[in-house]
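Student: Could you walk me through a couple of local features here? I'd like to go piece by piece.

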Amino acid sequence: MKAVELYRSVPRYVTARTLSGRLPHLQSVAVGSAPLRMADRPGFPPPAREGWARVRPRLSGICGSDLATVTGRSSFYFSPLVSLPFTPGHEVVGDLLDDLGASADTAALPAGTRVVLAPVLGCAARGLEPCAGCASGERTRCDRVTLGHLSPGLQTGFCADTGGGWSTELLAHRSQLLPVPDSLPDERAVLVEPLACAVRAARRAQVEPGERVLVLGAGSVGLLTLVALRALVPGVDVTVVAKHRRQRERALAMGAASVLAPADLLGGVRRSAQAIRLSPERGEDYLLGGVDVTIECTGGGLGQALRTTRAGGRVVLSGLPTTTPDLTPLWFREITLVSAYAATPGDMGTALELAASAPLDGLVGATYPLERWRDALDHALGAGRLGTTKVVLSGREIR
Ligand SMILES: [Zn+2]
């Protein structure tokens with residue numbers, strides 16, 4: 001089997017982190033110095049442990065959190081929650097290589113079934129009695145992601161034992177697998193996991209009818225959040241902040257009520273919400289008044305979100321946050337800060353249904369064979385500028 005692997009190398013990690021921090025325009029150099037390699041090794045033996053099966057990925061997406069990890073921009077908070085070396089890739093559509101029998105809460109899945117992966121490695125996958133989070137159906141809140149018979153790993157794609165999607169083979173637990181209807185093409189199925197995360201964000205936002213929603217960012221997280229909001233909140237009015245021309249066009253085609261350029265964010269929200277714009281002696285302008293709900297989908301927009309959301313409103317952190325802003329407006333405006341991490345099995349089921357009819361055509365903008373993983377990462381780092389929403393890797397060609 002072939003697998004891209006992130007291995008432990010402090011010097012390489014520090015180099016990648018330094019380069020990506022100091023030279024944000026040279027992210028591809030950071031990828032070049034990241035501790036990543038292509039491993040070629042015997043495949044996994046047929047799993048002996050009940051409920052596990054091998055999966056052969058057809059397509060696996062590159063996510064913003066993967067890019068933050070490989071360029072060393074993610075927080076050291078994650079270090080005890082992963083095990084090295086691991087194969088990245090948690091957005092996966094693939095084929096089951098082993099039969100899975102029925103269990104108390106899942107139907108049998110024969111070998112050859114096309115599946116998508118719900119990547120969180122919760123108590124069921126770890127052979128543990130369910131923790132409070134898992135027992136309530138909120139597997140994203142599992143407290144035991146370092147315990148049980150598996151090495152630490154919050155998700156497939158961050159665990160040394162399971163493999164990940166950027167490969168020709170991985171191991172998955174029955175609790176992580178959803179069968180894909182024949183009618184759903186691979187290019188839509190590979191978006192089910194990121195769409196499920198967007199469904200989670202839309203649910204966590206608890207948007208009421210008539211509320212104005214701002215989505216910061218029009219990369220894959222932002223656009224899929226728009227799709228989820230439009231599907232779950234009938235008639236919702238969503239303004240999307242988009243940096244690049246193709247992103248603006250896509251957001252409008254996918255149902256955004258309006259699109260703002262980042263430079264016009266405050267002005268645009270001020271006009272539509274009849275808010276008051278103030279300029280502090282130092283730092284950036286902000287509004288008194290603003291949108292009801294902001295969903296931050298860029299990783300770096302929490303400060304902007306807090307400065308454009310009305311008093312008593314909500315800000316949802318959807319993208320992995322990479323910055324820490326001034327929290328004064330959070331306090332002064334009594335804004336509720338909510339986060340949305342990953343997706344529950346319920347969110348995955350909703351996303352699988354939505355994926356059949358949602359406006360997802362063209363979102364997978366580039367498919368690279370697995371051997372060209374460096375080119376794929378370069379492309380993904382420049383995706384917005386290049387007019388691409390989602391870059392995926394394919395193991396299909398090298399079987
Ligand atoms: Zn758990």
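**Helix end and metal site**

Tutor: Gladly, with the caution that this is a predicted model. Just after helix 8, Gly255 takes a positive phi of about 105°.

Student: And in helix 8 itself, which residues are buried?

Tutor: Helix 8 spans residues 245–253, and its buried residues are Gln247, Arg250 and Ala251. Looking down the axis of helix 8, these buried residues fall within an arc of 100°, so they line one face of the helix.

Student: Switching to the metal: what are the protein donors of the zinc ion?

Tutor: The zinc ion has the SG atoms of Cys123, Cys131, Cys134 and Cys142 as its protein donors, and they lie 2.3 to 2.4 Å from the ion. Along the sequence, these donor residues follow the spacing C-x7-C-x2-C-x7-C.

Student: What geometry does the site have?

Tutor: The site of the zinc ion is tetrahedral, with angles of 103 to 115° among its 4 donor atoms. For reference, the ideal angle for four tetrahedral donors is 109.5 degrees.

Student: Why does Cys123 count as buried?

Tutor: Cys123 has 1% relative accessibility, and buried means under 20%. Cys131, at 3% relative accessibility, also counts as buried.

Conventions. Residues are numbered from 1 along each chain as its sequence is written. This is a predicted model: local features need pLDDT of at least 70, side-chain atom pairs count only at pLDDT 80 or more; totals for chains, interfaces and linings use all residues. Side-chain values use heavy atoms; hydrogens and water are left out. Buried means under 20% relative accessible area, exposed over 50%, partly exposed in between (1.4 Å probe, protein chains only). Helices (H or I, at least four residues) and strands (E, at least two) are DSSP runs, numbered from the N terminus. The arc is that of the directions from the helix axis to the C-beta atoms. Donors are N, O and S atoms within 2.8 Å of the metal (3.2 Å for Na, K and Ca); water is not among the atoms, so sites may look incomplete. Four donors count as tetrahedral if all angles lie between 85 and 135 degrees; four count as square planar and six as octahedral if opposite donors are over 155 degrees apart and all others between 65 and 115; anything else is irregular.
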